[in-house]
Each structure stands twice: as C-alpha cells, then as structure tokens.
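Thanks for coming. I will go through one model, helix by helix, and I will define the terms along the way.

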Amino acid sequence: MLAYTTSYFARSNYTGIAKFVSADFGIDKGALGLLGSVFLYAYALAQLPWGFASDRWGSRKAIGIGVFLIGATLWGFATSTSFNQLLFWRVANGIAAASVYVVMAGALARWFSAKERGFGQSIFAAVGGSLGEGTANLVVPYLAVHVASGWRQSTEIVAAVIALIAIACVTFHRSAPPGQPAIERKPFDWSLLKTAQLWCFTFVYSGSIIALRVLPTWLPIYAADIYLSKGLKLENAVIAAGLLSTLYLAGRLFGGPTIGFVSDRLLARGISRNTLAIGFLLLTAILFQAMPVGIHSTVALGFIAFGMGVSINMYPLVTTAVSEAFGSQRTSSIMGFLNTVAQLGGASALLVSGYLGIALSSTPGNALAEYRGIWLVGLASCIVTAGGSICLSLWERQTRFARRVRVTGP
C-alpha cells in the first residue's frame with residue numbers, strides 16, 4: 001500500500017498544485033494536459049519491462065529500486081526552471097512510477113488465496129491510491145500555502161518521505177510466501193495475444209484506466225474554477241477544491257474494497273469479476289454525463305465525485321481475474337501488457353481532453369465551458385470499451401460453444 005501511495009502520488013502530484021504551476025510558468029489547459037499525458041506515455045511504455053523484471057528477478061528488488069527513483073524524479077520536477085524541464089521530469093517520473101502496480105499485482109496474487117484475492121487486490125489499490133491522490137490534491141497544496149514557501153518546497157518534502165518509503169519496501173517486502181516460487185523463467189507467452197479472453201480483459205481494464213486519467217486529473221482543477229467563479233481567492237479556491245476532491249477519494253476508499261469483497265462471494269454464484277467491472281464502467285459513463293451539474297451546485301458535484309470514486313476504481317477486479325485465468329506466476333508480466341495498452345489509451349485521452357475542451361467550448365475564454373469536451377472524452381471512452389468487452393465476451397462464449405458441439409456432436 002505504501003509503495004502504491006508513492007506511485008499514485010507521482011502521477012497526480014501536479015494536479016492539486018496545477019493552479020500554482022500554471023501561474024508560475026504561464027501555461028494553459030492544453031499544456032497541463034500535456035504534462036499529464038507525457039507522464040502516462042512513459043508510464044505505459046515502462047509497464048512491460050517492469051513486469052518482466054518482477055517475474056524474472058522478484059518483486060522486492062523491482063519495488064525498492066522503483067520507489068527510490070520516484071522520489072528522485074519528483075525532486076527533479078520541483079527544481080524545474082522551464083516548461084521543457086517540467087516535461088522531462090514528468091517523463092522520468094512516469095518510468096519510475098510504472099514499477100509499482102504490475103509488480104505488486106503479481107506479489108499479491110502469490111500472497112492471497114482465490115477466496116480473498118479480490119478483496120486483497122481492491123483494498124491494496126483503494127488505500128494506496130487514495131493516500132497518494134489525497135497527498136497530491138490536499139496535503140501538498142496545504143503545505144505549499146501554509147507550511148512551505150510554495151509548491152516546489154512542498155513537493156521536495158514529499159519526495160524525501162518517498163525515499164524513506166523505498167527503504168521500508170526493501171526492508172519489509174517479500175516477493176512470495178516461504179516455500180513458494182517468486183520468479184518465472186518465461187513470464188509472457190506471446191501466443192496469448194491471439195486469445196479473445198486477454199483482449200476482453202484489456203478492453204474493460206482500459207476503460208477504467210482512461211476514466212481514471214480524465215476524472216481525477218481534471219476534478220480538482222474543475223472544482224477550483226467553480227470556486228473562483230463564485231468569487232474565492234486563488235489560494236482558498238485551491239484548498240476548497242482539494243477538500244471536495246476528497247469525496248472522490250472517500251468513494252474510492254469505500255467502494256473498491258467493498259466491491260472486491262462482494263466479487264469474491266459472487267464468483268461462487270457464477271457472476272464473473274469482468275461482468276461486474278463492465279457494469280461499473282457503464283455507470284461511470286452516466287456519471288460523466290452528469291458532471292456539468294457541478295457548475296450550479298458544488299454539493300451535487302460532491303455526490304457525483306463520490307460515485308465516481310466507487311465506479312471508476314474497479315480495475316483491481318480485472319487484475320484479479322487475470323491472475324485467476326493465467327496464474328499468479330505470470331500476473332505481473334500479463335498485467336504489464338494490459339497496463340501498457342490501457343495507459344497509452346489513458347495518456348491519449350488526457351492529451352486530447354484538454355485541447356478538445358478548448359475546441360468544443362461554446363463560450364471562448366469561459367473556463368467552465370471548456371470542461372464540456374473534457375467530460376465527453378471520458379463518456380465516449382467508457383461506452384466504447386464496455387461495448388468492446390461485451391462483444392468479445394459474447395464472441396468467445398459462442399466460439400467455445402461451437403468447439404464443444406464439434407467435439408461432442410449436436
């Protein structure tokens with residue numbers, strides 16, 4: 001959980017202080033979206049190498065090196081003096097942060113039995129992700145305003161804490177329970193790319209990740225713009241937006257483990273984890289459609305944010321399904337493939353969202369009108385990926401039935 005906290009903070013670290021960074025460097029929403037997307041492109045492309053490294057050499061080594069690099073690259077980001085330097089350190093930060101989720105997915109699959117795996121994966125992601133995002137959206141802005149002398153110093157403080165967490169990971173983490181193998185000599189079989197099941201998992205996982213890249217990145221900025229439109233000063237608007245964003249985190253913290261626990265029970269009744277994840281993906285699409293309500297009511301936006309926290313964060317269900325379908329020894333490398341595809345989709349969606357928001361704004365110069373295109377990206381992505389996963393599931397079921405008929409006869 002602590003390791004995942006550092007990774008999630010890394011990807012979200014500039015969102016809570018985006019207004020400060022924007023004012024410091026004079027950048028617009030398109031440039032903010034670029035800062036998010038370059039991180040995610042690097043994060044995506046580094047997934048398979050970290051997954052292979054974990055399955056081949058053990059998760060303990062991978063986690064220790066990766067978390068230390070997260071702290072070092074965050075320190076570099078805080079010392080940037082130009083926009084190009086910000087971009088460079090975001091890329092380096094993305095490569096480092098990719099070391100955690102796929103690595104720990106394999107470790108969790110080895111440490112937890114099938115009866116508790118859904119809950120284990122979900123509570124790991126919910127607590128670690130919520131702490132990381134909460135630190136980015138609430139703690140760092142608070143430190144920047146009330147403790148440190150700005151966003152740079154507050155980021156450096158957290159970077160130092162992350163270096164201590166790296167030491168803790170090396171000291172206490174173990175790759176596998178005693179007596180169980182911690183490595184796999186052939187982590188990924190490329191023939192799996194021909195299976196509909198792998199692509200079905202990839203579609204629904206990608207939908208969740210794309211929604212995760214769009215909503216949490218823009219939510220605190222959206223909320224800050226709403227508070228600014230109501231007359232609050234910049235510092236107060238940023239803090240208020242961070243507080244509202246904690247409702248999203250509360251939904252994530254409550255919803256993920258609860259649904260993971262329920263999925264462990266529903267599996268015995270024939271309801272697959274993937275089916276459950278698809279249902280929540282469609283709910284996310286509905287909530288994206290409702291996001292503009294927040295312009296008129298921050299209370300309503302808080303409820304929507306809480307619902308999003310529950311619905312978006314169902315990706316651990318897919319991770320659990322992968323470990324059950326392909327085995328715990330290959331979970332890290334296979335999740336490396338899924339995460340590569342999903343994160344590339346998420347990075348592209350985030351990059352497009354900022355520019356599309358500006359392009360589709362019905363009132364040029366109106367900051368709040370620019371979010372219409374941003375939420376449209378999330379809505380369309382959820383519908384397309386859920387539909388693709390459903391179609392692949394039906395096709396796979398039909399193919400299995402046809403094979404059975406050929407073998408046993410009509």
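What follows is a look at some helix pairs, then some single helices, then a few residues.

First, the ground rules. This is a predicted model, in which local features need pLDDT of at least 70 and side-chain atom pairs count only at pLDDT 80 or more, while totals for chains, interfaces and linings use all residues. Residues are numbered from 1 along each chain as its sequence is written, and side-chain values use heavy atoms, with hydrogens and water left out.

When I say helix, I mean a DSSP run of H or I with at least four residues; strands are runs of E with at least two, and both are numbered from the N terminus. Contact means heavy atoms within 4.5 Å.

Now the pairs. Two packed helices are described by the angle between their axes and the distance between the axes. The axes are lines fitted to C-alpha atoms, for helices over the stretch in contact, and the angles run from 0 to 180 degrees between N-to-C directions. Under 35 degrees counts as roughly parallel, over 145 as roughly antiparallel, 65 to 115 as roughly perpendicular, and the rest as oblique.

Take α5 and α9. Their axes come within 8 Å and cross at roughly 170°, so the two helices are roughly antiparallel to each other. On the α5 side the contact includes Arg60, Ile63 and Trp75, and on the α9 side it includes Trp151, Glu156 and Cys169. Sorted by class, this contact has 15 nonpolar, 4 polar and 3 charged residues. For the classes, Ala, Val, Leu, Ile, Met, Phe, Trp, Tyr, Cys and Pro count as nonpolar, Asp, Glu, Lys and Arg as charged, and the others, Gly among them, as polar.

Next, α4, residues 47-57, with α15. These axes come within 7 Å and cross at roughly 175°, and that makes α4 roughly antiparallel to α15. From α4, the residues that meet α15 include Gln47, Phe52 and Asp55, and their partners in α15 include Thr331, Phe337 and Asn339. The contact of α4 with α15 divides into 3 nonpolar, 9 polar and 1 charged.

How does α15 pack with α10, and at what angle? Helix α10, residues 196-229, and helix α15, residues 331-359, pack at about 40° with their axes 8 Å apart. The two are therefore oblique to each other. The contact of α10 with α15 has 16 nonpolar, 9 polar and 1 charged residues.

Staying with α15, look at Gln343, which lies in that helix. Is Gln343 buried or exposed? Gln343 is buried, with a relative accessible area of 1%. Buried means under 20% relative accessible area, exposed over 50%, and partly exposed in between, with a 1.4 Å probe and protein chains only. Not counting residues up to four places away in sequence, Gln343 touches Leu40, Tyr43, Ala44, Ile209 and Arg213. Gln343 and Tyr205 are 138 residues apart in sequence, yet 9.7 Å apart in space, C-alpha to C-alpha.

In α10 there is Ser208, which counts as buried at 3% relative accessibility. Leaving aside neighbours within four places in sequence, Ser208 is in contact with Leu281, Ile312 and Tyr315.

Tyr315 brings us to α14, residues 315-326. This helix has 12 residues and reaches 17 Å from its first C-alpha to its last, close to the 16 Å expected. The expected span is 1.5 Å times one less than the number of residues. Of the 12 residues in α14, 10 are buried, including Tyr315, Leu317 and Phe326. Just after α14, Gly327 takes a positive phi of about 95°.

Leu281 is one of the buried residues of α12. With 18 residues, α12 reaches 26 Å, close to the 26 Å expected. Ile286 is also found in α12, but Ile286 is exposed, at 56% relative accessible area.

Last, the loop between α12 and α13, where Val293 lies. Val293 counts as partly exposed at 41% relative accessibility. Beyond its neighbours within four places in sequence, Val293 is in contact with Ala300 and Ile304. The C-alpha atoms of Val293 and Ile304 are separated by 9.0 Å.

That is the tour.
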